[in-house]
Amino acid sequence: MALRYPQSLDSRGGSAGLVLANRLSEDKNNEVLVIEAGDDTASNPTFAVPLLSISGNIGDTVWNFTTVPQENSLFGFPNQTERTCAAKLLGGGSMLNGMVYSRGNFRDYDEWNANGATGWSYADVLPYFLKSEDVQIEELEQSVYHSDGGLLGVSRPPLQKLAKHIFRAAEELGVPVGDCNEPDLLGVCSLQTTIDRGRRASTYHAFLTPARRRPNLHIKTNAMVTKVLIENNITVGVEYIQRSQKHTAVVNREVIVSAGAINSPKLLMLSGIGPRDHLESLGIDVKVDLPVGQNLTDHVLIRAFTCIRRPGLTITSKDFASPKNFLKYITAKTGPLTSPFGADVMMKMVVDPAQAGQQAPDIHYIFNSLTFPFPGLLARAGMLTDTLVESLDCPTKNSFTTSVALLRPKSRGTVSLQSAHYEDQPLIDPNYFADPDDMATLIKGMRYLNNVIVDTEALQSIGTEKIKPVSKCSRHSYDSDDHWDCFIRHTAGSAWHMTSTCKMGAVDDTSAVVDPQLRVKGIDGLRVVDASIMPTIISGNTNAPVIMIAEKAADMIQGFNAKLTSDLLLPVFVCFFSKRIVFIPDFTFPFYILIFDYFTLGGGTAGLVLANRLSEDKNNEVLVIEAGDDTTSNPSYAVPLLSILGSIGDTVWDFTTVPQDNSLLQFPNQTERTCAFKLLGGGSMLNGMMYSRGNFRDYDEWDASGATGWSYADVLPYFLKSEDVQIEELKQSVYHSDGGLLGVSRPPLQKLAKHIFRAAEELGVPVGDCNEPDLLGVCSIQTTIDRGRRASTYHAFLKPARRRPNLHIKTNAMVTKVLIENNITVGVEYIQRSQKHTAMVNREVIVSAGAINSPKLLMLSGIGPRDHLESLGIDVKVDLPVGQNLTDHVLTRAFTCIRRPGLTITSKDFVSPKNFLKYITAKTGPLTSPFGADVMMKMVVDPAQAGQQAPDIHYIFNSLTFPFPGLLERAGMLTTTVRIPQHLVETLDCPTKNSFTTSVALLRPKSRGTVSLKSAHHEDQPLIDPNYFAHPDDIATLIKGMRYLNNVVVGTDAMQSIGTEKIKPVSKCSSHSYDSDDYWDCFIRHTAGSAWHVASTCKMGAVDDTSAVVDPQLRVKGIDGLRVVDASIMPTLIAGNTNAPVIMIAEKAADMIQGKSPLGR
């Protein structure tokens, strides 16, 4: 089988490979194929949680190569060999490493340049470090050695208490404090790491995730490249094995080998590029004779475990298993779990003081504020030997670790082939300590640590002891040269920083494999881009330099000017923005005008779908203005079971209704909090994650009533466009699709669910797909949960588009008015940081602020009922029924006691370390449940109407015993915020402490309410009148629904077998006979409230429909260049939750706005 990729073929999806994948595929004319031998394991969050990083080195994500036996080292290792960890997964070493962001010293690069790698001086490479960096350390944001806005998050881990003693020790010794990545630091610094807001910033997440959906980027995993195909010294493609089948991929331009310092030379040699004598001895046809595999260099590393007597200064094993720490991490990405295995301080030094300032550092120390936990796990990870384990035995059980690394080794090793077969591991000989200077330098480094740093008053004040001797060296006098020589030869091993096996150099350098353009000498169309090309190893960790190498290589490959300088960067920056900002000097306050093609007003559910789709065309300049914040770094929004926490704080507007005549009788003042969302992602960040499209009749009725083009046949393709269904049996359904941006899955069924399904079976209620067009029956709910994580429109739509240069996001910016001249939309006015700004539009303004704020904004802009606007002194642009027709699903929660325990999620599941670990490591367990919801039942209350109309009622069964009333009250689920009345709280008190909840929703309400303005000032909240139960049919339908639940469903054998009780009576209705119509009328009027599905306040309809605000193209009638795209345009409320339909509306609107033909037509 031959695949043709006309442009670039990238062999291996590691640190460098994924940077190249991103940069090369930015040009849509490039077809790029990445072939990775390992798997795509990024959905396993073990790799993302910094403190758990060690666990990534276990299993099949590494090659598990071992060195050949060493003559001069590894005496304490089995057979004097060591496991050499080469990563085998998408993201490569950046998924498994210690996350240290260290560029080395400026002299490293200047020496490269001076020795023939021209164009690789420090001045040449610094712009490429800056290009990728998004520094999140406030005091470094203005540094000329750092930049923000790149793809790679760089931050400082939390300093543990031990760190202040390390800094005090440095102060005692006169060691300066600096920036770890200034060009020539000899001193101490707070570590910098590739951790982005508490999460590992691998090249997978930083570079591949935002590019993954590009149609010109192709990824093949579990595919082993066995040979680069070369004809007449021209690269024509590669041969690879996938699922035991041999394939060929043919390339038009280049093959780029990015397989790392072990596998890159192995692949070149298997392809006939390498030392002639070696290849011929194995029967390999030689294409070109080059010193491939020579010059292997590695940092030698010693872990020194140091006991301390004072407790409480380091991370301990308790921190790994602490529910409190797991909760901190999940809800706020803070706490010990954000620490890269305890590392927090680095010190760089030259062992010969006379050379300070004359050379790069010889040694660096990384201090890990960690009492090493779980020796068995560490031994399995290849990080401990028996010799080291004995030094972990501290009487006080408190210790820290210092990683002592030899930064400028003189010894050189080799990588060679064992045979000509690709499955045989290579022969890796690092040849440690072949040069005696390496040992001499490390002895000085160990002695400085043990006798100088440890002896400072700062460390003695906490009872720091000397490094424990190891029994294998007991014959030598402690602290003698012989002792340290023995200690080092027994304990030192690889830092997993292997480099230089495909050395870069001048064209006439016989020791070089690639030229300064990284082209393999003597072969056209073949480059190597990874750590193997380093002429000499840099004096620091290798991940950051490898990313830099790939950034620079991407420009070389595409023929860009590869010599960026700071002089060039500044004018480019100014020129870029000068296209968009016009400064007006006549104003006394900072005021400016921005000009864009499209504005999306509201970065909520619909707004972010539009942001993605409109910015797909790079010629569209798109601005999203969101009144709320970007709070997505708080993972409480992502964890389904913790979704309740999202309703706390300033992520909601906290609007309240006006007092209701017919409902909310037990709510304070007969008003209710109506939750409008104020954050990027809007309701999709805080809702219950139900994925429910409604009934086909909903849309056919829209179409028939004047919203032409919105029938079920018209909208289904747009549901399918966004969907990535992860339910195996639905992947072949004509009503579902996979491959879209929005993950749709089923939550885990709790044990109660099987009793619900049995009850349905008893009643003859059919089981179906919740989103088939006309279900009347029961189903396992479908949710916007993507592999265990909330699939908000932020994560599904904005995240992959966020880095597009034509997409601009403004948060904490309140739009106060749409600017209209002669009934043409010209822009918007908004407030940000207390300053007024104006943004001008070339094409359209799209209002996506939701069913409350969209009508509010239109009315403030002069679009609305004439009498109402004139009464407030607002100039009327067009008289339209804005704010009329408000519709909402009315919801009541029925708490039902059961006698059998163990069937539902309980408060213990919220704080269980086992469940937190399940979630973090595998995204499984109760934390993936959307607050216990797992089963839905849809019904028509009049059996004669079954099959003739959409459902009247749906029940969502939550297999959850409501936990933590105090927490729920804070979260707005009890009386003070959401205002569930106190008498409903009393029904939570079950003698058995076991219960479940049924949310009973009225799907087709006939009552209509309004949204109107309180004043002409944007800060005043609108007047919201849902007018619940104004139509008597609504209460009649809900009474039938409650009675069916309480008497029919609860009365089944299936439910009685687990001791299900009737819904508890409430004291406020005790004057009525239980189960009478009057009782249920009382119960509902006291307990029912908003389902937070407010819709229809900017109704869509025919142009001549006087009740409509927008036409079927969603254009505001009478105003050019203005549309509304959100739930407010629904002519009538759909018979289901509103999130999925809003996404569909935005998908369809994006095509309309861009003049595309409707899907499916």
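Analyst: Happy to! Cys-1098 has a relative accessible area of 0%, so Cys-1098 is buried. Keep in mind as we go that this is a predicted model.

User: Is Cys-502 buried or exposed?

Analyst: To decide, we look at the relative accessible area, and a residue counts as buried when that value is under 20%. For Cys-502 the value is 0%. Cys-502 is therefore buried.

User: How many disulfides does the structure hold?

Analyst: Let's begin with the idea itself: a disulfide is a covalent bond between the sulfur atoms of two cysteines. In this model, one of them joins Cys-770 to Cys-779, with an S to S distance of 1.9 Å. The number of disulfides in the structure is four.

User: What is the handedness of the link between Cys-770 and Cys-779?

Analyst: Both of these cysteines, Cys-770 and Cys-779, are buried. For the handedness we turn to the angle about their S-S bond, which is 100 degrees. The link of Cys-770 and Cys-779 is right-handed.

User: Where are Cys-473 and Cys-486 in the chain?

Analyst: These two form a disulfide, with their sulfur atoms 2.1 Å apart. The pair links distant parts of the chain, 13 residues apart. Cys-473 is in the loop between helix 13 (457-460) and helix 14 (481-491), while Cys-486 is in helix 14.

User: Are Cys-473 and Cys-486 buried or exposed, and what is the handedness of their link?

Analyst: Cys-473 and Cys-486 are both buried. The angle about their S-S bond is -85 degrees. Their link is left-handed.

User: Why is the disulfide of Cys-1069 and Cys-1082 left-handed?

Analyst: The sulfur atoms of Cys-1069 and Cys-1082 are 2.1 Å apart, and the two cysteines form a disulfide. Its handedness follows from the torsion about the S-S bond. The disulfide is left-handed because that torsion is about -85 degrees.

User: Which parts does that pair tie together?

Analyst: Cys-1069 and Cys-1082 are both buried. The pair ties together parts that are 13 residues apart in sequence. Those parts are the loop between helix 29 (1053-1056) and helix 30 (1077-1087), which holds Cys-1069, and helix 30, which holds Cys-1082.

Technical notes
Residues numbered from 1 in each chain as written. Predicted model: local features only at pLDDT ≥ 70, side-chain atom pairs only at ≥ 80, totals over all residues. Heavy atoms only, no water. Disulfide = S-S within 2.5 Å. Helix = DSSP H or I, 4+ residues; strand = E, 2+ residues; numbered from the N terminus. Buried < 20%, exposed > 50% of the residue type's maximum accessible area, 1.4 Å probe, protein only.
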